[in-house]
Amino acid sequence: MMRVTAKLNGQKKPSGLSDKKKVSEIKSATYKTQVTFPIGVKLAIIIGFIVLVSLGLVTILNSHFIGQDVQITAENSNLSINTRASSTVEDKFNTVRSNVFQLLDLLNVAGSGRNAAIVRQAEAFFFERNQDIASIFILSADSISRRNNTDVRILNNRFFISNEIDTGAMDTFLKVQEDAVRRSAGGETIALNASPYFEMPVMSLLFPYRENGREQTCIITFSIETISDILGTDSVNTTFIINDSDELLCHPETERILRGESLKNDPLVMQMRFNNQNNNDSRQIPYETEDENGKKSRFYGAYEKLSFGDIVILTTVPFDTILEGVRTTRKNNIYLTCIVFFLSIMFVLIFSRFGISRHLRKLTDAANEIKNGNFDTPIITSLNTKRRDEIGVLNQSTKDEREFLNLFAKFTNRGVAKAIARKEIDFDPHLKDVTIFFSDIRGFTAISDGFKNRFANDSPREIIAFLKAQFY
């Protein structure tokens, strides 16, 4: 036995304070590291982002293209409603004019004076079939200031009585519209709103009337309740009528007619007049209005002029109403997106917890056991190597590593193998004072030759087994 100073590798470090502190720091960094951003959360964020972006883009594009289609459809529908309304109103006015002129022709043919029985009978029969007509006047340009013998004033007494209207309302109305009477006698066809004077929806049509060389006007005053009912049946589109002075003649909101409202400053009417002045054939106008509170609303307006009197039929539809269905669908899609997003996140979290995280935790525990030198822990045995994914490969690799470590431990001391796994052995070169003991086994050469003759190629294994049996 001798004492020497040598440079050795692979020996345990001395138990000094600094070495213990270093080992403690290594263990702390190795074994006490906590997961701060789990893989399940990462998957949930990634998949949630993909779902959110995908469904969001689908919702936006769907709303955009459907909104365009709905807008075009609404514009065409608004224009069609306006065309039908114009045709209906013009037919109504032509029918009123035709019936009145037939009555006047009949009275001219009778020629027996207003008090003749045949005349009274013709008038009664006419008003029986045209109960919405209030009066028929044939006036000259100066008939308002003084009555002429050529004037014709036919009143439907039943109309005035049933609606509790004073017959003097017609005279009051004509005094205010004296200028319009002169213009009509001069050759213009004019439509006037008589509702404020009759306190009910009433219109007067003034047609130039020529008889015996006299320039006169035929004033037909009639109720427009039937026309209002026809134009006001649609709950989305609003159709109304104005005259050449932009006065409101007919509107679903009756109170606007009764107060004699003018639409001269209405954006749709102003744009229509501008288009007419510039020979613009467009009959569909997008425009914007602003209420008393400053709230702006967008509309589409269609218009069409009748063939006489510069009477215009206008039909509007709110832009918000057009896109209400699209907005509702978009809102429902957003709700659906949120539900799908939530379900996707929950599914990913559940799958990652039971399908990924749990197995990764087992792998982590197995790795920690190996680091602690516990090569035969049941955790490694329970790892599932039948999986066909990366986790299955890692499980198999962990089991293979355990087999390698067990095999390594057979050729070294198990304590040394554990110390190596725990990083307790310092492999850096150091100068140490050591004691080396040399020894020999008596008769070992003869014993080994005997094992060789007896076991041939298996003699090394048998010799090692013999030595272990003797010294352990």
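**The nonpolar patch and its setting**

Tutor: Helix H2 (39-110) and helix H12 (324-371) each supply at least two residues of the nonpolar patch, where helices (H or I, at least four residues) and strands (E, at least two) are DSSP runs numbered from the N terminus. The model is a predicted one, in which local features need pLDDT of at least 70 and side-chain atom pairs count only at pLDDT 80 or more, whereas totals for chains, interfaces and linings use all residues. Residues are numbered from 1 along each chain as its sequence is written, and side-chain values use heavy atoms, with hydrogens and water left out.

The patch consists of Val41, Ile45, Ile339, Phe342, Leu343, Met346, Leu349, Ile350 and Phe354, which together have about 820 Å² of accessible area; such areas come from the Shrake-Rupley method with a 1.4 Å probe, and for residues only the protein chains shown count as cover. Patch residues have over 30% relative accessible area and no salt bridge, with nonpolar side chains (Val, Leu, Ile, Met, Phe, Trp, Tyr) joined within 5 Å and like charges within 9 Å; a salt bridge is a side-chain nitrogen of Lys or Arg within 4 Å of a carboxyl oxygen of Asp or Glu. The largest share, seven residues, comes from H12.

Isoleucine 45 lies in H2 and counts as partly exposed because its relative accessibility is 49%, given that buried means under 20% relative accessible area, exposed over 50%, and partly exposed in between (1.4 Å probe, protein chains only). Leaving aside neighbours within four places in sequence, arginine 273 is in contact with Ile242, Asn243, Asp244, Asp246, Lys305, Asp310 and Val312, contact meaning heavy atoms within 4.5 Å.

As for the whole, the secondary structure comes to 17 helices and 12 strands, and buried residues make up 35% of the 472 residues in the protein. The protein exposes about 28,900 Å², of which carbon and sulfur atoms supply 54%. Among contacts between residues at least 6 apart in sequence, 58% join residues at least 24 apart. Five of the strands form an open antiparallel sheet in the order E3-E2-E6-E5-E4, two strands being paired if DSSP finds at least two bridges between them.
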